[in-house]
Amino acid sequence: RRQRQMCIRDRCTAYIVLGIKLEEKDLEKEFGDDYRDYKKQVPMLIPSLRSKEMKAEKLLVVKEGASS
């Protein structure tokens, strides 16, 4: 039973990742460099994690720029 659950989990994960990759190809064709730039800034599966890091980095840049 446990082995079957692991097999199902692995197949579902592979299906999701493959689907994301195929969708990203379509989005790159449609939006070009704009989408490629977006991909560099936003993680594939959990966008909110990197967006918090990016907000913190932007705050540092703004504060450093203000003190110059």
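This is a predicted model: local features need pLDDT of at least 70, side-chain atom pairs count only at pLDDT 80 or more; totals for chains, interfaces and linings use all residues.
Me: How exposed does Glu28 count as being?
Reply: Glu28 counts as partly exposed, at 23% relative accessibility. Residues are numbered from 1 along each chain as its sequence is written, and side-chain values use heavy atoms, with hydrogens and water left out.

Me: Which side chain meets that of Glu28 in a salt bridge?
Reply: Start with the idea. Side chains of opposite charge can pair when their charged atoms come close. The cut-off is a side-chain nitrogen of Lys or Arg within 4 Å of a carboxyl oxygen of Asp or Glu. Here Glu28 meets Lys39, at 2.6 Å from N to O. Glu28 lies in helix α1 and Lys39 in helix α2, so this pair ties together parts 11 residues apart in sequence. Helices are DSSP runs (H or I, at least four residues), as strands are (E, at least two), numbered from the N terminus.

Me: Which residues are linked in a network of salt bridges?
Reply: Glu24, Glu28, Asp33, Arg36 and Lys39. The structure's count comes to five salt bridges. Another pairing is that of Asp10 and Arg9, at 3.0 Å from N to O. Both ends are partly exposed: Asp10 has 42% relative accessibility, and Arg9 has 48%.

Me: How many disulfides does a search of the whole structure find?
Reply: The test is a pair of cysteine sulfur atoms within 2.5 Å. The search finds zero disulfides. Cys7 is in none; its nearest cysteine sulfur, in Cys12, is 9.5 Å away.

Me: Which residues form a nonpolar patch on the surface?
Reply: Patches take residues with over 30% relative accessible area and no salt bridge, joining like charges within 9 Å and nonpolar side chains (Val, Leu, Ile, Met, Phe, Trp, Tyr) within 5 Å. Here they are Tyr15, Ile16, Met44, Leu45 and Ile46, with about 540 Å² of accessible area together. Areas come from the Shrake-Rupley method with a 1.4 Å probe; for residues, only the protein chains shown count as cover. Tyr15 is found in helix α1 (residues 2-31). Tyr15 is exposed, at 66% relative accessible area.

Me: What volume does the largest pocket have?
Reply: Rolling a probe the size of a water molecule over the atoms shows where empty space is left. On a 1 Å grid over the protein atoms alone, a pocket is an open set of points with protein on both sides within 12 Å along at least five of seven lines; a cavity is a set where a 1.4 Å probe fits but cannot get out, and lining residues have an atom within 4 Å of a point. Points join across faces, edges and corners, and volume is the space filled by probe spheres set on them. Here the volume is about 200 Å³. Of the 12 lining residues, the closest to the centre are Glu24, Tyr35, Tyr38, Pro43 and Met44. Helix α1 gives the most to the lining, with five residues.

Terms used
Buried means under 20% relative accessible area, exposed over 50%, partly exposed in between (1.4 Å probe, protein chains only).
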